Structure formats: C-alpha cells, structure tokens
Amino acid sequence: MENKRNYRENNNSFSQKNNNYKKNNYSEKSERGAYTPNRYSNNRYNNSNRDQNDSSSENRKSYTPNFKRNDNFRSEEGFKRNEGYKRNDDFKKNDGFRKNDGFKKDNGYKRNDNYNRNEGYRRPYKKPYGNYQSNTPSVEYAPAPATEIRLNKYIADAGICSRRNADMYISAGNVTVNGEVMTTLGYRVKPTDEVRFDGKLLSSEKKEYILLNKPKGFITTTNDEKGRKTVMDLVANATNARILPVGRLDRATTGLLLLTNDGELTKKLTHPTHGVRKIYHVILDRKLEYKDFIAIEQGLELEDGFIQVDEISYVDQKPKNEIGIKIHSGRNRIVRRIFEHLGYQVDKLDRVVFAGLTKKDLPRGHWRRLTQQEVINLRNMR
C-alpha cells in the first residue's frame, strides 16, 4: 500500500512539474506564439478541416499568427494621405456632341458611269516563251564587223571553261596563238589568229546548248521536204547560232532532246563507245507478262543483232502496262522494236532522262539553256 501511495505522489508531482513546463514555454504571452494541439488546423492544405467560406486573408494568418499590421507606419515623416480628396463624379460628357454621320459630298457632283477610260482596249495575249512565234517577218541583220576580243573570252566562248579559269590556263602555258605559247592575260585575239588549247584548234563561235522537251507530232530534223513540223520550229527564237539536234526521236516519241552547235560534244554523246544512258517511260497496249519481262532483262536477238537493256522495271503504283527501261544503245527505234518483237504495241514512249539531264521544271514543248555545270558534266562524261 505504501508503495502505491508513493507512486501516486510521485506521479502527481511529475504532472505538476510538466504543467509548469508547458506554461512557461508555450504560454499565450510567449514570443513563439500560442500552443495548439493541431497547429495547422486552419491550413488551406488540410482538406478535412478546411472551411470553404474562409477568406484568403484568414488562411494567410494561419501561417504567421503573430503578424500584426502596423497602422501607424508612415513612409515619410509628415506624409499623410489626403482623405478629403474625392473624385468629381458630377462631371458628365457633352452628350450633345455627335459625329456628323450625315456629311455628304456636293449634290451637284455625279460620277459618269458610262465613261470608259480604256475605250475597249485590251492587252495583247502573249503565248508562253517556248511556243511563242511572232507574226512579223524575221529581219536579217548584217553580220557585225570582226573585232578583236580578249583571249580569255575567246576561250570561254569556245566552251572550254569560264573566263577566270581561262586566265589560269593562259598563265600555265596551255594556250598557243599562231604556234607560240601565249601567257599574256590581256592579249586580244585577231580574226586571223589561230588559237589552240592543249593542241586543239578553237572556234570563236559561242557554244549554245538547248534542252527541249519535245512534244508529239514534230520531226527531229533541220528541214523537211514535205513541210511537216520540225523541232527547229520550237527553238527558232532560242539563238541565232546554227544548232543541230543530238540524236533522233521519232515523230510519235516525246521527251528530252538536246540541240547544240558543239560538234565535239555531239560526237561524244552519239558514239556507241561512250554508252550514254537514256531512260524511257513506255506505255503498252496490254500488261507486260512476267516471262516477257525476264526475256527483255536477259536480252533478245533482233534482226540487226543481240540487244540487252541496262535496267527494266514496272512503274510504281501504276498498271503493269507501264514500264521503265534504261538503255545506252543508239540504234534506230530500238525501244519500240524490243516490245514489237514480243508482240506488244507501244502506245506512248517518253524519254525522261538523257545523259543525266531530266525534265524537271520543263513543260512539254518548252526549252531551256543548260547551266555551266551541266555542260561541264557532259564534257567529263566517260
């Protein structure tokens, strides 16, 4: 019994000491603020105890319970807010002012709707440059008198290279004039001079390179005795130089055709030893059977000898009667004869690639000049 009594007294004394400890450290007058069992009961993140009607100011007070607004604070000594100031609410706009929407021009002025400034004039219609043919007769101009020209321009007009590169070749001693090496950059060539580049005689005539997208119904010749349309009619306004077609295309065949006055390049592109690649788009009267496809790929024996194409394939996402064929042979009507040998009839034949040149941005019946880089590529072709 005595042990229980001592235990109770000790517990009572401990609780009294504990109460004093709380009172001294967490009293309401303490600088650290009042103690509450749940200090964050009013926190806006406590969804269980949150009051939906609490204002935002009350939520902010829960974070800093000791914060009090200092109403006596003044930013500057002697500064006071002018409480007597009032806005002049009696001011009213001038409602009598209105925009003059009824303004009108002088009633005496009237527009003459019957007046026609152009009097029915219309601008003349111009055909596209590729098919344009003037109704006025061509005028034959007298040839310009022969004059002296700079050596680098003479070489550039011959189609060898640009003027800047020509100066390099002249300084290196690759050019001879009348049998003597010429290294003077400013030398002017006379009409009677003989100019050679690496031993090859040069011509002063400027080289022209015209690429034509030939339409159907034109003959690849310079002049036709029967009066039929020729490819020269399509490039009549391209140049005054005497250009000739490189190779031939049938009257019913369409596609790329090169015309130039560069005889050396023409010989290179047409000679079978160089093997210039050409790609044709062929449309047959019926589907090409697979066995015939393999036969063409392996090669056929025609009346003028054996022929084998470089590549053949069906056109993607097209019927099986549309074929793409690559060939380097220059025999007459060789593509048509390949399919006719197997019993097919060629409805359409279009040359889409010739010696690396394509029909990009070149509509049917139009022509364009080759760029300098394209000419260099043709010259360097092996």
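The accessible surface of the protein chain comes to about 29,900 Å², and 46% of this area belongs to carbon and sulfur atoms. The model is a predicted one, and in it buried residues make up 29% of the 382 residues of the protein chain. Its secondary structure comes to eight helices and 17 strands. Of the contacts in the protein chain with a separation of 6 or more, 63% are accounted for by residues 24 or more positions apart.

In soluble globular proteins, nonpolar side chains tend to be buried together. Here the largest nonpolar core has 21 residues, and those with the most contacts inside it are Val 282, Leu 284, Ile 327, Val 335, Ile 338 and Phe 339. Two or more residues each are given to this core by β10 (278-284), α6 (290-298), β11 (300-302), β14 (322-327), α7 (334-341) and β15 (346-354), with the largest share, four residues, coming from α7.

Helix α8 (residues 372-379) has Glu 374, Val 375 and Leu 378 as its buried residues. Because these residues cover an arc of only 100° around the axis, they lie on the same side of α8. An α-helix has 3.6 residues a turn, so residues three or four places apart point the same way. The buried residues of α8 pack against β7 (209-214), β9 (254-260), α5 (263-270), β16 (357-358) and β17 (367-369).

The loop between β9 and α5 holds Asp 262, which is buried, with a relative accessible area of 4%. The side chain of Asp 262 makes a polar contact of 2.6 Å with the side chain of Arg 379, and a polar atom of the Asp 262 side chain lies 3.3 Å from the backbone nitrogen of Leu 265. Not counting residues up to four places away in sequence, Asp 262 touches Lys 207, Tyr 209 and Arg 379.

Elsewhere, four strands form an open sheet in the order β3-β2-β5-β6, with antiparallel pairing. Because β3 (180-181) and β6 (200-201) stand at the edges with a single partner strand each, one side of each is left without a neighbour in the sheet. Strand β2 (residues 175-177) is joined by three bridges to strand β5 (residues 195-197), the two running antiparallel, and Val 177 stands opposite Val 195 in β5.

Technical notes. Residues numbered from 1 in each chain as written. Predicted model: local features only at pLDDT ≥ 70, side-chain atom pairs only at ≥ 80, totals over all residues. Heavy atoms only, no water. Buried < 20%, exposed > 50% of the residue type's maximum accessible area, 1.4 Å probe, protein only. Arc of directions from axis to C-beta. Contact = heavy atoms within 4.5 Å. Areas by Shrake-Rupley, 256 points an atom, 1.4 Å probe, with all protein chains shown as cover. Core = buried A, V, L, I, M, F, W, Y, C linked by side-chain atoms within 4.5 Å. Pairing = 2+ DSSP bridges. Polar contact = N/O pair within 3.5 Å; in protein donor to acceptor, adjacent residues only side chain to side chain.
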